[in-house]
Amino acid sequence: MHGCEGMRPSVKDLWPKRLVSWGYVVLVVDSFTPRNIQDTCRSALPDRVFDAYGALNFLSKSSFVDIRRVALMGFSTGGTATLEATKIEGNEQLMEHKFRAAVAYYPACAASQGDATVPTLILSGDRDNWSPAERCRKRLAGLDDDAPPIEFNLYKGVYHNFDAPEFAMGRRVLGHIEKYDPDAATKSIRSVYTFLRTSLSK
């Protein structure tokens, strides 16, 4: 699930190639082109939770996909949609097929969101003022003891879009800094690899 700027190169190409090299089937969901949307960085977002479950339903018709072992992964607003799609008492309970795990890169956490329905990995930078980490901390503080685990990896000195090499020079968008950090990116990629291996192998 892409961010508010749409299908940037690392989401469209780099991450899918990486995941395929790890042995996974990948479906990249474009929420904007069918709606004739350029970006939503300055406007309201469409309800992308249903895009996620539409994609899951599509995958369920593929003989080469084990529908019992599908993870949802999103970046920025796509990460926010990932958390929305896998929160307890959300739209997930209405769906025939369920996700097995969730990975959210620098999402806008909601402190009141509560438990997740699946094991979840959140990866954020502590200098990210677009998706402040404090909201994620507050959400984690309110989780039930028997809820699926939420792992929160916070990288020091790191901004929004830290995993995306296309932002190597850094840029400022609407007052927010977006900048690639190779060290944090490498660490986060290792975390995603381990998390998916653990969460989808059972």
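Select β2 and β3 to start: the two strands run parallel and are joined by four bridges. Strands here are DSSP runs of E with at least two residues, helices are runs of H or I with at least four residues, and both are numbered from the N terminus; two strands pair if DSSP finds at least two bridges between them. The model is predicted, so local features need pLDDT of at least 70 and side-chain atom pairs count only at pLDDT 80 or more, while totals for chains, interfaces and linings use all residues. Residues are numbered from 1 along each chain as its sequence is written, and side-chain values use heavy atoms, with hydrogens and water left out.

Within this pair, pick V103, whose bridge partner in β3 is L121.

**Strand β2**

Next, colour β2 by accessibility. Five of its five residues are buried, so β2 is largely enclosed by the rest of the structure. Buried means under 20% relative accessible area, exposed over 50%, and partly exposed in between, with a 1.4 Å probe and protein chains only. A101, V103 and Y105 cover one side, A102 and A104 the other, and all of these are buried.

**Across to β1**

A71 sits opposite A101, and L72 opposite A102. Four of the five residues of β1 are buried, so this strand too is largely enclosed by the rest of the structure.

**The whole sheet**

Now show β3 (residues 120–125) and β4 together; they pair in the parallel sense over six bridges. G125 stands opposite Y155 in β4. With all four strands displayed, the open sheet reads β1-β2-β3-β4, with parallel pairing. β1 and β4 (150–155) are at the edges with a single partner strand each, so one side of each has no neighbour in the sheet. From one strand to the next the twist averages 10°, where axes are lines fitted to C-alpha atoms, for helices over the stretch in contact, and angles run from 0 to 180 degrees between N-to-C directions.

**Helix α3**

Select α3, residues 77–85, which forms a right-handed β-α-β unit with β1 and β2. Right-handed means that, with the strands pointing away from the viewer, the path from the first strand over the helix to the second runs clockwise. α3 packs on the sheet and touches β1, β2 and β3, its direction making about 145° with that of β1; contact means heavy atoms within 4.5 Å.

**R48**

Finish at R48, in the loop between α1 (9–21) and α2 (49–59). Leaving out residues up to four places away in sequence, R48 touches M1, H2, G3, S31, T77, G78 and A81.
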